[in-house]
Amino acid sequence: MGAVEITRKAPIGRPRGFDADEALDQAMTVFWEQGYEGASLADLTSAMGITRKSMYAAFGNKEELFRKALERYTEGPAAYADRALRKPSAREVATAFLTGSVMATTQPGCPAGCLGVQGSLAAGDSGRAAQDALIVWRDDGRARLRHRFQRAVDEGDLPPGADPELLARYIMTVANGIAVQAAGGATRPELQRVADAALRNWPPI
C-alpha cells in the first residue's frame, strides 16, 4: 500500500532519468524524417519518451521545439558547414561543404536528406513559422559562404572577377539538390560524383 501511495504522490510529467539532450536529438530525427507539419505532437513525445506536459515545460511549443531541434542539427549533423568555412582556400571550402553535404544526407542510421530542406516541404499556414525559420537558416548559410568567398577574392585566392554571392548561391543550390536526391534514394557514391562534377571547373565564372 505504501508503494502505491508513493506512486500516486510522484509528480506527473517528466519521467525519472529524463535527458533533455537525448530527447532533443529524438525530436530532431522526427522533424528530419517527417518535416515540421508531418511531425505530430504524438510522434514527437513518443520518440522523446516524455509526456506532452514535459515537452512544453522543457522545450516550449512545437514551433519552439523545432527551432531548438534545428540548432541541434546545425551543431551536429550539419556541423560540416562550419568546418568547411575554416578551410584555407575557397576551393577547399567548396569541396568540404559539398562532400559534407553528401556525407550528412546519406548517413547510416539517420533519415536521408537534410532537415533544412525536408523540414519545410509541403508547409501550409500552420508551418509558416517553421518555414520562415528555415529560410533564415539557409540564408545565413549562404551569407557565411559569401563572406568567406569575398575574403578569398580580397586575398587573391579567387580571381578578381569572381562573384562571391554567385559562388555561395551555386554551392548552396548544389548542396540542396544533393539533399533532395538523397531523400529520393540516391546513394552516397552517386551523389559524391555529382559534387565532384560541380567542382570540376571551379570557380564557375
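**Reading helix packing in a predicted model**

Mentor: Tyr170, Val174, Ile178, Gln181 and Ala182 of helix H10 touch Leu191, Ala195 and Ala198 of helix H11, where contact means heavy atoms within 4.5 Å. Helices are DSSP runs (H or I, at least four residues), numbered from the N terminus. This is a predicted model, in which local features need pLDDT of at least 70 and side-chain atom pairs count only at pLDDT 80 or more, while totals for chains, interfaces and linings use all residues. Residues are numbered from 1 along each chain as its sequence is written, and side-chain values use heavy atoms, with hydrogens and water left out.

Trainee: How many nonpolar, polar and charged residues has the contact of H10 with H11?

Mentor: Ala, Val, Leu, Ile, Met, Phe, Trp, Tyr, Cys and Pro count as nonpolar, Asp, Glu, Lys and Arg as charged, and the others, Gly among them, as polar. The contact of H10 with H11 has 7 nonpolar residues, 1 polar and no charged ones.

Trainee: At what angle do H10 and H11 pack?

Mentor: Axes are lines fitted to C-alpha atoms, for helices over the stretch in contact, and angles between N-to-C directions run from 0 to 180 degrees. Angles under 35 degrees count as roughly parallel, over 145 as roughly antiparallel, 65 to 115 as roughly perpendicular and the rest as oblique. H10 (residues 164-183) and H11 (residues 188-198) pack at about 165 degrees, with axes 10 Å apart; the two are therefore roughly antiparallel.

Trainee: Which residues of H2 and H3 meet?

Mentor: From H2, Ala23, Gln26, Ala27, Val30, Phe31, Gln34 and Gly38 meet Asp43, Leu44, Ala47 and Met48 in H3. The residues of this contact divide into 7 nonpolar, 3 polar and 1 charged. The axes of H2 (residues 20-38) and H3 (residues 41-48) come within 8 Å and cross at roughly 155 degrees.

Trainee: Is Arg142 buried or exposed?

Mentor: Buried means under 20% relative accessible area, exposed over 50%, and partly exposed in between (1.4 Å probe, protein chains only). Arg142, in helix H9 (residues 128-154), is buried at 16%. Leaving aside neighbours within four places in sequence, Arg142 is in contact with Glu165, Ala168, Arg169 and Met172. Val194, in helix H11, is partly exposed at 42%.

Trainee: Where does pLDDT stay under 50?

Mentor: pLDDT is the predictor's confidence in each residue, from 0 to 100. It stays under 50 over residues 1-16, for which the model has 8 contacts beyond four places in sequence. Where pLDDT is low, the predicted coordinates should not be read in detail. The mean pLDDT of the protein chain is 87, and 87% of its residues reach 70 or more.
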